[in-house]
Protein chains: 2
Amino acid sequence: MKDKTADQTLCPVARAEAVVGDRWTVLILRELFARNHRFEEIQAYTGGTPQMIAARLKKLETDGLVTRRVYNKRPLRHEYHLTKKGEAFFPVMFALRAWGETWCKSPREGLSMNYTHFSCGKPTGLGPVCQSCGEPLHWPDVVAERSPKYQKERDARWEAFKASR
Amino acid sequence: MKDKTADQTLCPVARAEAVVGDRWTVLILRELFARNHRFEEIQAYTGGTPQMIAARLKKLETDGLVTRRVYNKRPLRHEYHLTKKGEAFFPVMFALRAWGETWCKSPREGLSMNYTHFSCGKPTGLGPVCQSCGEPLHWPDVVAERSPKYQKERDARWEAFKASR
DNA sequence: CTTGTTACTATGAATTTCATAGTAACGTGG
DNA sequence: CCACGTTACTATGAAATTCATAGTAACAAG
């Protein structure tokens, strides 16, 4: 799991990719930005196997993007939360989502996510800054809402996960 | 190599990751944004094996981010260029680089990349919009310059690649 | 003392990656 | 006309990773 790439180059893109250059890692971060903090939530919504999730969370923790927080002693249970470094990844996530909405979907599908800028109360749009007020967007200053279809898909994933046990 | 994930979800992040959720793919895009269009350049600077590069370029082509352009008949030779869809990935790349510069390097290393905004002639900074003029940044409207150290690393990679044949 | 909850760990088969080497199609210089 | 150089790959087998499936651990509740 160790990646020497990061130490062998000054390239910031390569350094970043050594940390987040993995599908599961990004999907986990998506869930954390969506405020799903528990292992089973992350597993259910990403569709990853427990090993994939466990390994990625461990790596995210050692890489400093995630901290474990106890929410229950006896039995000991942890939630996973973003650190400053993790939160700072938001612009990448936001840009990635915008690209995905624009270029990886057929037009008739419409947007799956709609963001409202908390400070101005209006839609953020897809751009790097709020289309309504022009300010740069920070997490947690945006409120995400899913399209009904996408929300349904999420609910179905949760049900399917629960049913399979 | 096929990825059913994209068809099974409305999530734009998952859709995007099905296309670019891979270290080599992102490094190849980095080179294309840096205007290195030839196979051997991409191989040398990314450090990938020819199969990795060839497979990713093929997938990038079928996914519509890259086109092959003939630059020499007899022997037939192609260059790889970004399409509109590929160019549209720039904001993600830019944000990723900014995150890497900020969070994946020790302070004393300094910035590896410095961007100048062509339209205003001043530095862009790390943010989503030009720090000098406030406009959103588009490729190819930014001019990249590498720090001497990073440039040296790149040159060394090229030399090492050439020497190994 | 059986069932339920949450968070993982174990195992072996399938797939992917990596290092190394080699091929192909041509131009060039002798 | 033939050996060498250039560019872009392809081939091969060992090593590592991923996936599907199943199971464990530590407790609470009834």
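## Close-up views of a predicted two-chain model

**View 1. The lining of the largest pocket is sorted by class in this predicted model.** By class, 27 nonpolar, six polar and two charged residues make up the lining of the largest pocket. The volume of this pocket is about 910 Å³. Its lining counts 35 residues, and those closest to the centre are Pro91(A), Ala95(A), Pro128(A), Pro91(B) and Pro128(B). Two helices, α7 of chain A and α7 of chain B, each supply at least two residues of the lining. α7(B) makes the largest contribution to the pocket lining, with nine residues.

**View 2. One cavity of 30 Å³ or more is counted in the model.** Rolling a probe the size of a water molecule over the atoms shows where empty space is left. The largest cavity holds about 140 Å³ of space. It is lined by 16 residues; Glu17(A), Glu17(B), Val20(B), Val26(B) and Leu96(B) are the closest to its centre. Helices of both chains give two or more residues to this lining: α2 (12-20) and α7 (90-103) of chain A, and α2 (12-20) and α7 (90-103) of chain B. By class, the cavity lining divides into 10 nonpolar, two polar and four charged residues.

**View 3. Chain B and chain A bury about 4,100 Å² between them.** Carbon and sulfur atoms carry 72% of that buried area. Three residues, Leu10(B), Arg23(B) and Trp99(B), supply 18% of the area that chain B buries against chain A.

**View 4. A salt bridge links the side chains of Glu109(A) and Arg15(B).** The N to O distance is 2.8 Å. Across the interface of chain B and chain A, two salt bridges are found. Polar contacts across this interface number 15 residue pairs, with both residues at pLDDT 80 or more.

**View 5. Arg74(A) and Pro75(A) are joined by a cis peptide bond.** Omega is about -10° here. Pro75(A) sits in the loop between β1 (66-72) and β2 (77-82) of chain A. Most residues other than glycine have a negative phi, and most peptide bonds are trans.

**View 6. Trp139(B) and Pro140(B) are joined by a cis peptide bond.** At this bond, omega is about 10°. Pro140(B) belongs to the loop between β3 (113-117) and β4 (142-146) of chain B.

**View 7. Arg35(B) has a positive phi.** The value is near 70°, in a residue other than glycine. Where in chain B does Arg35(B) lie? Arg35(B) is in the loop between α3 and α4 (39-46) of chain B.

Key. Residues are numbered from 1 along each chain as its sequence is written. Chains are lettered from A and ligands numbered from 1 in the order in which they are written. Side-chain values use heavy atoms; hydrogens and water are left out. On a 1 Å grid over the protein atoms alone, a cavity is a set of points where a 1.4 Å probe fits but cannot get out, and a pocket is an open set with protein on both sides within 12 Å along at least five of seven lines; lining residues have an atom within 4 Å of a point. Grid points are joined across faces, edges and corners, and a volume is the space filled by probe spheres set on the points. Helices (H or I, at least four residues) and strands (E, at least two) are DSSP runs, numbered from the N terminus. Ala, Val, Leu, Ile, Met, Phe, Trp, Tyr, Cys and Pro count as nonpolar, Asp, Glu, Lys and Arg as charged, and the others, Gly among them, as polar. Buried area is the accessible area (1.4 Å probe) that two parts lose on being put together, summed over both. A salt bridge is a side-chain nitrogen of Lys or Arg within 4 Å of a carboxyl oxygen of Asp or Glu. A polar contact is a pair of N or O atoms within 3.5 Å; within protein, one must be able to donate a hydrogen and the other to accept it, and residues adjacent in sequence count only if both atoms are side-chain atoms.
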